[in-house]
Amino acid sequence: MVHSEVIIRPLTISDRHRLVEFANNENVARNLRDAFPHPYTLHDATEFIERCAHQSPAMVFAIVFNGLYVGNIGLHQGVDVYRKTAELGYLLDENFWNKGIMTRAVNLICEYGFKELNLVKIWAGIFDFNIASKSVLEKGGFKLEAILEKAVFKNNQIGDEYRYARINPDFIGI
């Protein structure tokens, strides 16, 4: 049996060419918000990585599978009364879909969010047609909290958003 290693690490400027390789893909962009550029250029990758480099604490990470950079995963922490929660976002090179990589990365980012950022809840909004992402979250211990009917306009269609969440298992109250 071959051992597969998944880690998350900070992005570096040297990741920019590889990021363009897998991010400039319609099948990847289809499952992301419209703010994600498509086509995805070297300029987009450079700006994104430079923005991430200035985050403190770090919130966006590279996903590395067996030594190869294959995707991104990040948390977008809430503000004001939502400061103990964060939205989860991720993307993965299509060549590495259906290998369990993203489920492992989701578990790693949740561990980071709960232990290092002291978050109580991590949530994700998934387009109704993104069956694979629903599966990733369910395997990662997320529970479906709500279906927001007709909440998104993506790919020239109105669709539902599925809201999944995972609660910090060590949270005992404030």
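Which residues are exposed on the other side of helix 3? I looked this up in a predicted model, and the exposed residues there are His-43, Arg-51 and Ala-53.

**Helix 3**

Helix 3 runs over residues 42-53, 12 residues in all, and at 1.5 Å a residue it should span 16 Å. I found its end C-alpha atoms 16 Å apart, which agrees with that span.

I then listed the buried residues of helix 3: Asp-44, Ala-45, Phe-48, Ile-49 and Cys-52. These cover an arc of only 120° around the axis, so they sit on the same side of helix 3. The general rule I had in mind is that an α-helix has 3.6 residues a turn, so residues three or four places apart point the same way.

I next asked what the buried residues of helix 3 pack against. The partners are helix 1 (16-23), strand 2 (60-65) and strand 3 (68-77).

**Pro-39**

I placed Pro-39 in the loop between helix 2 (26-29) and helix 3. Pro-39 has a relative accessible area of 54%, and it is therefore exposed, the cut-off being over 50%. Not counting residues up to four places away in sequence, I found Pro-39 touching Asn-24 and Asp-44. Asp-44 is one of the buried residues of helix 3.

**Lys-154**

Strand 6 covers residues 143-154.

I looked for polar atoms around the side chain of Lys-154. The backbone oxygen of Leu-32 lies 2.6 Å from a polar atom of that side chain, and the backbone oxygen of Ala-29 lies 3.4 Å from a polar atom of the side chain. Leaving aside neighbours within four places in sequence, I noted that Lys-154 is in contact with Ala-29, Arg-30, Leu-32, Arg-33, Asp-34, Phe-127 and Phe-129.

**Nonpolar cores**

I turned to the largest nonpolar core, which has 32 residues. The members that touch the most others are Ile-73, Leu-75, Leu-88, Tyr-90, Met-102 and Val-106. Elements giving two or more residues to this core include strand 2, strand 3, strand 4 (85-92) and helix 4 (101-115). Strand 5 (121-127), helix 5 (131-139) and strand 7 (157-167) are also among them. Helix 4 gives the largest share, nine residues.

**Strand 3 and its neighbours**

How many bridges pair strand 2 and strand 3? I found six, in the antiparallel sense. Their hairpin has two residues between the strands, and Asn-66 takes a positive phi near 50° in it.

Strand 3 is joined to strand 4 by seven bridges, and these two strands run antiparallel. I recorded Ala-86, in strand 4, as the bridge partner of Gln-77. Last, I checked how covered strand 3 is: seven of its 10 residues are buried.

Conventions:
Residues numbered from 1 in each chain as written. Predicted model: local features only at pLDDT ≥ 70, side-chain atom pairs only at ≥ 80, totals over all residues. Heavy atoms only, no water. Helix = DSSP H or I, 4+ residues; strand = E, 2+ residues; numbered from the N terminus. Expected span 1.5 Å × (residues − 1). Buried < 20%, exposed > 50% of the residue type's maximum accessible area, 1.4 Å probe, protein only. Arc of directions from axis to C-beta. Contact = heavy atoms within 4.5 Å. Polar contact = N/O pair within 3.5 Å; in protein donor to acceptor, adjacent residues only side chain to side chain. Core = buried A, V, L, I, M, F, W, Y, C linked by side-chain atoms within 4.5 Å. Pairing = 2+ DSSP bridges.
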